[in-house]
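Keep the viewer open as you read.

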Amino acid sequence: GSALTADFARHYHKPCLHIHRASPHPVAMLLTFLSQHTIHVLNIAGPRASTEPEVAAFVREVLNEAFSKR
């Protein structure tokens with residue numbers, strides 16, 4: 001899950017951002033992250049839908065709002 005993704009990012013010296021529902025201003029966090037790093041591929045990881053059914057809607061919401069502002 002998220003911890004393994006963060007471990008891989010550290011191992012490969014890649015930037016990593018952890019956003020979740022309780023994050024303050026997740027769209028702003030994502031936009032700041034994208035402006036601070038040259039991102040060619042944005043990898044998204046998270047919990048399984050079977051354990052957190054609303055995660056896909058949250059991700060879509062954040063991405064749609066973020067990319068509509070760019």
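## The chain as a whole

In the protein chain, 51% of the contacts with a separation of 6 or more are made by residues 24 or more positions apart. Please keep in mind that this is a predicted model. The protein chain has 3 helices and 0 strands, and reading along the sequence gives the pattern α-α-α.

How does the radius of gyration of the protein chain sit beside that of a compact globule? For 70 residues a compact globule would come out near 11 Å, and the protein chain has 12 Å, which agrees. Along its principal axes, the C-alpha trace spans about 30 × 30 × 20 Å. Buried residues make up 17% of the 70 residues. The protein chain exposes about 5500 Å², and carbon and sulfur atoms supply 55% of that area.

## The nonpolar core

Which residues form the largest nonpolar core? It has 7 residues: V27, L30, F33, L34, F58, V62 and A66. Two helices, α2 (26-36) and α3 (55-68), each supply at least two residues of this core. The largest share, 4 residues, comes from α2. As a general background, nonpolar side chains in soluble globular proteins tend to be buried together.

Leaving aside neighbours within four places in sequence, V27 is in contact with V62, E65, A66 and K69.

In α2, the buried residues are P26, V27, L30, F33 and L34. Viewed down the axis of α2, these buried residues fall within an arc of 125°, so they line one face of the helix. On the other side of α2, S35 and Q36 are exposed.

What do the buried residues of α2 pack against? They pack against α3.

At 1.5 Å a residue, the 14 residues of α3 should span 20 Å, and the C-alpha atoms at its ends are 20 Å apart, which agrees.

Which residues of α3 are buried? They are V55, F58, V62 and A66. Down the axis of α3, the buried residues fall within an arc of 65°, so they line one face of this helix. R60, N64 and S68 are exposed on the other side of α3. The buried residues of α3 pack against α2, and the packing is found from the α2 side as well, where the buried residues pack against α3.

Is H13 buried or exposed? H13 counts as exposed because its relative accessibility is 74%, and the cut-off for exposed is over 50%.

H25 lies in the loop between α1 and α2 too. H25 also has a positive phi of about 55° without being a glycine. With a relative accessible area of 62%, H25 is exposed.

S23 is found in this loop as well. Is S23 buried or exposed? At 9% relative accessibility, S23 counts as buried, since buried means under 20%. Leaving aside neighbours within four places in sequence, S23 is in contact with H18 and M29.

## The loop between α2 and α3

The last stop is S50, which lies in the loop between α2 and α3. At 63% relative accessibility, S50 counts as exposed. S50 and V27 are 23 residues apart along the chain, and their C-alpha atoms are separated by 25 Å.

Terms used. Residues are numbered from 1 along each chain as its sequence is written. This is a predicted model: local features need pLDDT of at least 70, side-chain atom pairs count only at pLDDT 80 or more; totals for chains, interfaces and linings use all residues. Side-chain values use heavy atoms; hydrogens and water are left out. A nonpolar core is a set of buried Ala, Val, Leu, Ile, Met, Phe, Trp, Tyr and Cys residues joined through side-chain atoms within 4.5 Å. Buried means under 20% relative accessible area, exposed over 50%, partly exposed in between (1.4 Å probe, protein chains only). Contact means heavy atoms within 4.5 Å. The expected span of a helix is 1.5 Å times one less than its number of residues. The arc is that of the directions from the helix axis to the C-beta atoms. The radius of gyration is taken over C-alpha atoms; the globule rule is 2.2 Å times the number of residues to the power 0.38. Accessible areas come from the Shrake-Rupley method with a 1.4 Å probe; for residues, only the protein chains shown count as cover.
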